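Work through the exercises below with the coordinates open.

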Number of protein chains: 2
Amino acid sequence: MSGGVDSSTTLAIAKKQGHTITALSFDYGQRHKYELNAARQIAQSLNITDHVIVNIDLRQFGSSALTAPINVPKKRDEKEIGMGIPITYVPARNTIFLSLALALAEIRQARRIFIGANAIDYSGYPDCRPEYIKAFEKMANLGTKAGVEGDGITIEAPLINSTKADIIKRGTALGLDFSLTFSCYDPVDGGLACGECDSCLLRKKGFIQAGISDPTKYALKVKV
Amino acid sequence: MSGGVDSSTTLAIAKKQGHTITALSFDYGQRHKYELNAARQIAQSLNITDHVIVNIDLRQFGSSALTAPINVPKKRDEKEIGMGIPITYVPARNTIFLSLALALAEIRQARRIFIGANAIDYSGYPDCRPEYIKAFEKMANLGTKAGVEGDGITIEAPLINSTKADIIKRGTALGLDFSLTFSCYDPVDGGLACGECDSCLLRKKGFIQAGISDPTKYALKVKV
């Protein structure tokens, strides 16, 4: 749970379905640590008391724009955002996160792992596609005690085929307070969203298309 | 690379095949940390200069006999060792390790990940079976830039169908110094192998069946 639009809406969906929930976030050396505060606040707002924040420093493995001091791409147009795998790709990130979630699921005897992966309004990450999620689920059931001797593990990605606008509408209908969510890859001092990275641009576009006002405070007030 | 018989022999096999090698070991909160010293010495003995030791504290997730202060099973007979998934199972361990290896492989632009998984003389872990390894490989190629845009990633488990005796013969033929390897799950003070845990028992049996003398110094001199 990153504290962004997708994972927060996913949490609200799981909550609505009545499950006993452990929220899981990662402190992985990301530059945008403000998201962890957002994740904490979202979890509290949904009355999730079991929130695990796992330390796994992905900087041990080298760089991406999300963990190293290199420039996050700004002001890319829709075509650019949709083309290829961008520099913000973190090698095997969802695989690492889902693997750790899998361990936690086994320990908590949970049967479902919810992930806010989205293959529509996304940034071209291969580990957000439905075929990847299915392959992870298969592997998870072959490689764990829960899969082999227990009830099995399901990976649920309820937003995988939704547009960002649909996700925002769905979250809003569930009463999610989007002012608590945080999407920016490159926040400026004080924690304001930059308004120009891919993630901010996708978020802005989603709110506009949903016809819902975006409660985010963006750093840039002047249009260039 | 744990520094045990299987991962050390796997390293020797990869080296013999002429690959440029990054060795990868994990400091995961295991009680048997002596194995990390063994891993370092084995890597040095094979002239591997790039040896990454990743910190990922699996104790964040709860307990198994390998990370928590509970009793490692001792003096189990072959039938007991072969039956079911034992208490020493660490939830999703190989999935977590392979996921982190996958990230490192992408960063190093490696195309192959070697793992010493073994489904014959093993302790009943589901994440050591060929079908699991194949499923991980498929997932890895769907979920990474290396898989989608690059040359793909192969998971190589050259010992998966070998007996422990065959592995020891193969390592010996490759000139591996087994006195540097360490297998025990529950070493006694000073780092001597206990001689009674599943891993020690499988190792002992393997050397006997291979007709090769076991250079391990075991703590127990008195037969009970």
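**Exercise 1.** Classify B:Gln109 as buried or exposed from its C-beta neighbours.

Solution. The structure is a predicted model. Start with the count: B:Gln109 has 10 C-beta neighbours inside 10 Å. Next, apply the cut-off, under which a residue with 12 or fewer is exposed. B:Gln109 therefore counts as exposed. To place the residue, look at the loop that runs between α4 and β3 (112-114) of chain B, where B:Gln109 sits. Finally, check the backbone: phi of B:Gln109 is positive, about 55°, although the residue is not a glycine.

**Exercise 2.** Repeat the classification for B:Ala92: is it buried or exposed?

Solution. Within 10 Å of B:Ala92 there are 31 other C-beta atoms. The cut-off for a buried residue is 20 or more, so B:Ala92 is buried. Its location is the loop between α3 (78-82) and α4 of chain B. Phi of B:Ala92 is near 60°, again a positive value in a residue other than glycine.

**Exercise 3.** Describe the side of chain B that touches chain A by its residues, elements and classes.

Solution. First take the contacts, which link 34 residues of chain B with 34 residues of chain A. Then assign elements: α4 (93-108), α5 (130-143) and α6 (145-148) of chain B each supply at least two residues of this side. The most comes from α4(B), with 10 residues.

Note on methods: Residues numbered from 1 in each chain as written. Chains lettered and ligands numbered in written order. Predicted model: local features only at pLDDT ≥ 70, side-chain atom pairs only at ≥ 80, totals over all residues. Contact = placed C-beta atoms within 7 Å. Helix = DSSP H or I, 4+ residues; strand = E, 2+ residues; numbered from the N terminus. Nonpolar A, V, L, I, M, F, W, Y, C, P; charged D, E, K, R; others polar.
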